[in-house]
Amino acid sequence: MLKNKSVVSIDDVSDEDILEVFKVSDQMSKLISEGKKSEILSSRIMATFFYEPSTRTRLSFESAMHRLGGSVISVSEASSSSVAKGETLADTIRMADAYSDVIVIRHPLEGSARLASKFSSKPVVNAGDGAGQHPTQTLLDLYTIKKEFGKLDGLKISMVGDLKYGRTVHSLIRALSRFDVEINLISPSILRIPQHVMSRLPARTKITISDNIEEDIENSDVFYVTRIQKERFTDQNEYRSVIGSYSIDGGLAGKMKKNAILMHPLPRIDEIAPEVDYMPQARYFKEAANGIPVRMALLSMILGGE
Ligand code: CP
């Protein structure tokens, strides 16, 4: 049960919670498609702190809260808050705790959302902590896959790109390891998935590491592409050495199975060519749109009821 709980890691969301998120997301999708709005959170306030840039996560969280009848207060960049005067994260969160009912935070440092949760009596939701995790992206990724295939078990899912710094991958691989899926990892050698992520996966997890993108794109049910996270590199020469490592163009996407889907948490830079947007496999904009019903579901589960 997620009631009054923080969601800092995908591990904070149980298997039962994931199924409930799917169920409630379907209800929220129906509400949206009917052009209706809910008032279930009309007395609730969400505070958002985005200390790193965001389009999808911030706007979809705020849209979700509005669609549930709730209110939103937000800090869109650290420089516009008292952080610029030297205030600590702990003190900032203490204030948000007093002013709101749920706190959504994106921060450049791994572990920051967990730290924030220690200083708040209200639930804290991690909207991305550095190269750590992005659990709500994972929920919408799982929901997107489930909606497409009607299941997660039995699928072959390839993850491509920056697996070292890509927090969406770190959360998603943990979540997928709970299902009977085949996971295939494709990245430049310097951007392999960190050992601390791999070592926490159950021993039964079926993982392959590959460098044959053409063969993998033909065989995968889900091809999950990620951006090289330029902002996380301490050595820009290292970044320059991996720019443009993977680019999915129409020719490559055309090799995908008929019912396979191409996903990307977005933003994309040059990993997927614009021509692919019009191909039947492209699912990344639908994936991003699913952020609304999924975040509505999550907020209603955390804040709803008595
Ligand atoms: N997927 C995602 O986190 O996008 P934003 O950085 O735009 O929020």
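Buried area is the accessible area (1.4 Å probe) that two parts lose on being put together, summed over both. The model used in these exercises is predicted: local features need pLDDT of at least 70, side-chain atom pairs count only at pLDDT 80 or more, and totals for chains, interfaces and linings use all residues. Residues are numbered from 1 along each chain as its sequence is written, and side-chain values use heavy atoms, with hydrogens and water left out.

**Exercise 1. The domain interface**

Task: state which domains the protein is divided into, and describe the area buried between domain 1 and domain 2.

Solution. 
Step 1. Domain 1 covers 10-134 + 291-302, and domain 2 covers 135-288; these bounds come from an automatic or database domain assignment.
Step 2. Taken over C-alpha atoms, the centres of the two domains are 24 Å apart.
Step 3. Contact (heavy atoms within 4.5 Å) involves 32 residues of domain 1 and 27 residues of domain 2.
Step 4. About 2500 Å² is buried between domain 1 and domain 2, and carbon and sulfur atoms give 58% of this area.

**Exercise 2. Polar links and the domain 1 side**

Task: find how many salt bridges and how many residue pairs in polar contact lie between the domains, then say which element supplies the largest share of the domain 1 side.

Solution. 
Step 1. A salt bridge is a side-chain nitrogen of Lys or Arg within 4 Å of a carboxyl oxygen of Asp or Glu. Between domain 1 and domain 2 there are six salt bridges.
Step 2. A polar contact is a pair of N or O atoms within 3.5 Å; within protein, one must be able to donate a hydrogen and the other to accept it, and residues adjacent in sequence count only if both atoms are side-chain atoms. The count between the domains is 20 residue pairs, both residues being at pLDDT 80 or more.
Step 3. Helices (H or I, at least four residues) and strands (E, at least two) are DSSP runs, numbered from the N terminus. On the side of domain 1 that touches domain 2, at least two residues each come from helix 1 (15-33), helix 2 (56-67), strand 3 (102-107), strand 4 (124-129) and helix 12 (291-303).
Step 4. Helix 1 gives the largest share of that side, with seven residues.

**Exercise 3. Around the ligand**

Task: identify which atoms of Arg-56, His-134 and Pro-265 lie by the ligand.

Solution. 
Step 1. The residues around the ligand (a heavy atom within 4 Å) include Arg-56, His-134, Pro-265 and Leu-266.
Step 2. Arg-56 places a backbone N or O atom 3.0 Å from a ligand oxygen atom, while His-134 has a polar side-chain atom 2.9 Å from a ligand oxygen atom.
Step 3. For Pro-265, a backbone N or O atom is 2.8 Å from a nitrogen atom of the ligand.
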